[in-house]
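Have the model open beside you and try each task before reading on.

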Amino acid sequence: MHYDLAEWEEGETLSREAVTRLRKLVGEDHQDTLMALSNQAVAYSRQGRPKEAQELTLRVLNAQRRLLGNEHPSTLRSMVNYGVACNELSNWNEGLTVTMEALDIQKRTLGLIHPETIGAMGNLVLSYSKLKRFAEAESLCMEALEASTKTLGEKHPRTAHIKENLAITYGRQGRLKEAETILQDILSAQQETRGKDHPDTLAAMSNLLVNYNHQCLWSKAEDMGTDLLTRRRRLLNEKHPLLAHTLSSLGITYLNQGRVEEAFLVTQEAYEMQDEVLGNGHEDTLETMRTLAVIYGRLGDHNSEERLESEIVEYRRKNPLTAGDADALETRSNLAATLFEQGRFQEALQLAMEVLGLQKQTLGESHPSTIQTTINTAGMFARCGQLRKALEVSREVTDRANHVLGASHPMTLVSMKNLAKVHIELREWGDAVPVLVHLLFLQRGTSHIPPIEVLDTLIELAKCYIFLQLRNELHTAVFEATEVAKEIEKTDDPEVNRLFSNLKKLQIAVRFVP
């Protein structure tokens, strides 16, 4: 089985030589020539050359439609292959159309339980999922999974592929734990049956890495991403899209671990690859641009941050096939946050409210993207002085995040802190204290929370105790804050300096509380 870079390059060379010989012997339109061209297209795809793969697959498909008709098995196979090639270039609607056409014919001519019908069903699930047609994706996936298990067996690669698409569908709906369980089972089975370097095993690792990132399980994501990156650098060429995807995913992990410089290096490398190989309109490129924009913001380069986000929004606006989906809305939500940080408050708040309304309508109030935008909007209300509105939204989104994502999820923790700070701004010290105490308990029980977050919570709690004149509680909070501060390295970061300054003031103030 050809599955590393050298073997796929050898396979592409052999296919090209076969095409040349067959053209001379039997002609351009002979089935053997078309089969060799189809194999060459597969080799292009495996080498990370999706545009060439799509163009060549389309040539083969058009020839087979003309010579054999739409219902010939070879034509149907090329239709499905062309759908896959479209998906690799994020042409989801085109991929959906041609795969649906093939599947309708396959069900009628080959039957529901034919392996090629099952394969087409699995590919169609991914298109439905990407286009947010989740009910259709899940229904079709269950149908395909039953047929594949019965016909091909539990451990067959096509069965695993369908399970993987089901996990991706769950993940896109925010059902991350369910997705994780499926992906872990798939990875274990692939490692056992196909080996650690097989493309299907690496694909399972990649999907699990993305899942860990979405769950904010940064240590697990780092371990998985580091292993995957090592293997893909060894097995793939230096500009392969799968290598770029791994770099981009690892960049998200580093960013959320506070390793901003490392995040910039791997994300910039991923972006340069994707921009060259996939183009700036590909979903993977746009996703990496989003991450790079956030990194620029963390580095204080807000001009570059806004430039990238504006480019993404403009692309979405000009390409209605993708505009309005979850990714496009998330991009606009990020742009609203950037505009707010630049002091363009009304413009930012208006954009955030527009995005939030669309997310509630298309994704639902409980989708993680909707929750994130709601948290951002509540923060904007607070900083604009609309404190009662901020309080109302913060309470609502904190309850929803806790119910949907769990009490220890980073979004829930951020929302709790925002809620407490709104209470403090309203001088409702007694209402802020139980929120902060619960937040502190959760932060200490969560391994991925950095000490600086715990310090911030303790400082806010100490301020409340001062106004409530709770001397013993104040002493305890200041003592604990002083101990936590010892774990934090002093830097030039403005946020770190602000917290240390506030802690010093509290250490002085505690002496004078009666």
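**Exercise 1. How many aromatic pairs does a search of the whole structure find?**

Solution. Begin with the criterion: rings of Phe, Tyr and Trp (its six-membered ring) pair if their centres lie within 6.5 Å, and planes under 30 degrees apart count as stacked, over 60 as edge-to-face and the rest as tilted. Searching the whole structure gives three aromatic pairs. One of them joins Trp429 and Phe467, with 4.0 Å from centre to centre and 0° between the planes, and the pair is stacked. Helices here (H or I, at least four residues) and strands (E, at least two) are DSSP runs, numbered from the N terminus.

Before going further, note that this is a predicted model: local features need pLDDT of at least 70, side-chain atom pairs count only at pLDDT 80 or more, and totals for chains, interfaces and linings use all residues. Residues are numbered from 1 along each chain as its sequence is written, and side-chain values use heavy atoms, leaving out hydrogens and water.

**Exercise 2. Are Trp429 and Phe467 buried, partly exposed or exposed?**

Solution. The classes rest on relative accessible area: buried is under 20%, exposed is over 50%, and partly exposed is in between (1.4 Å probe, protein chains only). Trp429 has a relative accessible area of 12%, so Trp429 is buried. Phe467 reaches 46% relative accessibility and therefore counts as partly exposed.

**Exercise 3. At what angle do H20 and H21 pack, and which residues make the contact?**

Solution. Axes are lines fitted to C-alpha atoms, for helices over the stretch in contact, and angles run from 0 to 180 degrees between N-to-C directions. The axes of H20 and H21 are 8 Å apart, and the packing angle is about 155°. H20 is therefore roughly antiparallel to H21; angles under 35 degrees count as roughly parallel, over 145 as roughly antiparallel, 65 to 115 as roughly perpendicular and the rest as oblique. H20 and H21 cross in a left-handed way (the near helix is turned anticlockwise from the far one by less than a right angle; clockwise would be right-handed).

Now list the contact (heavy atoms within 4.5 Å). From H20 come Leu413, Met416, Lys417, Leu419, Ala420, His423 and Ile424, and from H21 come Trp429, Asp431, Ala432, Val435, Leu436, His438, Leu439, Leu442 and Gln443. Sorted by class, the contact of H20 with H21 has eleven nonpolar, three polar and two charged residues. Ala, Val, Leu, Ile, Met, Phe, Trp, Tyr, Cys and Pro count as nonpolar, Asp, Glu, Lys and Arg as charged, and the others, Gly among them, as polar.

**Exercise 4. Describe how H18 and H19 cross.**

Solution. The axes of helix H18 (residues 368-383) and helix H19 (residues 387-404) come within 8 Å and cross at roughly 155°. H18 and H19 are therefore roughly antiparallel to each other. The crossing of H18 past H19 is left-handed. H18 contributes Ile371, Thr374, Ile375, Ala378, Phe381 and Ala382 to the contact, while H19 contributes Leu387, Lys389, Ala390, Val393, Ser394, Val397, Arg400, Ala401 and Val404. This contact of H18 with H19 has eleven nonpolar, two polar and two charged residues.

**Exercise 5. In which loops do Arg427 and Gln469 lie, and what is phi for Arg427 and for Gln469?**

Solution. Take Arg427, found in the loop between H20 and H21. Phi of Arg427 is near 65°, a positive value in a residue other than glycine. With 57% relative accessibility, Arg427 counts as exposed.

Turn to Gln469, in the loop between H22 and helix H23 (471-485). Phi of Gln469 is near 55°, a positive value in a residue other than glycine. Gln469 has 57% relative accessibility and counts as exposed.

**Exercise 6. Where is Gly279, and what is Gly279 in contact with?**

Solution. Gly279 sits in the loop between helix H13 (260-277) and helix H14 (283-298). At 14% relative accessibility, Gly279 counts as buried. Leaving aside neighbours within four places in sequence, Gly279 is in contact with Lys51, Gln274 and Thr285.
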